[in-house]
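Here's a quick walk through this model, written for someone who likes cut-offs spelled out. Have a look at the structure first, then read on.

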Amino acid sequence: MWLTEWLAEAMDLRPEMRVLDLGCGRGASSVFLSREFGVQVWATDLWFSADERLQRLRDAGVGDSVFPIHADARALPFAAGFFDAIVSIDSYFYYGTDDLYLNYLARFVKPEGQIGIAGAGLAQEIDGPVPEHLQEWWEPSLACLHSAEWWQRHWERSTIARVELADAMTDGWKHWLEWQHTVAPDNSVEIDALTADSGRYLGYVRAIARRRPDVSLDDPISSIPVAYTKQSLYRV
């Protein structure tokens, strides 16, 4: 919730906007956005059931303004330009490091619409071996974690979006550590890594960009049309 608040406070969200909450999990971020900003939210996630999410949304009193969708981030069932804004909380780094992904995602937001992400990241890039104090906790999949500066370069070089903000949360590692103590107090490996690191590498980052209206986006390739002509496979 506080990651959502941290991201949303820097975005231009207004009542009745259509917002894609990508990788929303069980939907807490979607509830927050609907209640605080009066926006309509398409709460989209692959890992958690849309049926369960719907019950949670109804219990939270936002069943008429938040719509649960079960979908893969790489196969979204929306029309081009449907959303006024896109947000992603602690999810985007799982798929957004792909050089081509922003081109795919940006087509779903209107020109000049915002795309905002917030989640786990790095205070500085790890360019060499993983620091010794992180090695017990680190695993290959954590290579998706990057700094705010990395995200800014990654997005800007696509020429698709104009980055408005890319920064790190002050003392973000302390919030990460507090969250671990709350949800997984027995996870001593991660808790010890965060404690030993004390913000040298680990923390939270956010980035916000607008889709540039002067750039044409490539349509995703879903099939290649071919014309079949019957002929012999071998020369006689």
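Ile-191 is found in helix 7 (residues 188-197); helices (H or I, at least four residues) and strands (E, at least two) are DSSP runs, numbered from the N terminus. Before going further: this is a predicted model, where local features need pLDDT of at least 70, side-chain atom pairs count only at pLDDT 80 or more, and totals for chains, interfaces and linings use all residues. Numbering starts from 1 along each chain as its sequence is written, and side-chain values use heavy atoms, with hydrogens and water left out.

Ile-191 is buried at 8% relative accessible area; buried means under 20%, exposed over 50% and partly exposed in between (1.4 Å probe, protein chains only). Not counting residues up to four places away in sequence, Ile-191 touches Leu-177, Gln-180, His-181, Ala-184 and Pro-185, where contact means heavy atoms within 4.5 Å.

Strand 1 (residues 18-22) and strand 2 (residues 40-45) run parallel, joined by 5 bridges, and Arg-18 has Gln-40 as its bridge partner in strand 2.

On to charges. The count comes to 12 salt bridges, each being a side-chain nitrogen of Lys or Arg within 4 Å of a carboxyl oxygen of Asp or Glu.

| Pair | Closest N to O |
|---|---|
| Glu-112 and Arg-162 | 3.0 Å |
| Arg-206 and Asp-167 | 2.8 Å |

Arg-206 counts as buried at 10% relative accessibility, and so does Arg-210 at 17%, whereas Asp-12 is partly exposed at 33%. Asp-12 and Arg-210 also belong to a network of salt bridges with Arg-14 and Glu-164.

The side chain of Glu-125 does make a polar contact of 2.9 Å with that of His-146. Such a contact is a pair of N or O atoms within 3.5 Å; within protein, one must be able to donate a hydrogen and the other to accept it, and residues adjacent in sequence count only if both atoms are side-chain atoms.

Note on methods: Two strands pair if DSSP finds at least two bridges between them.
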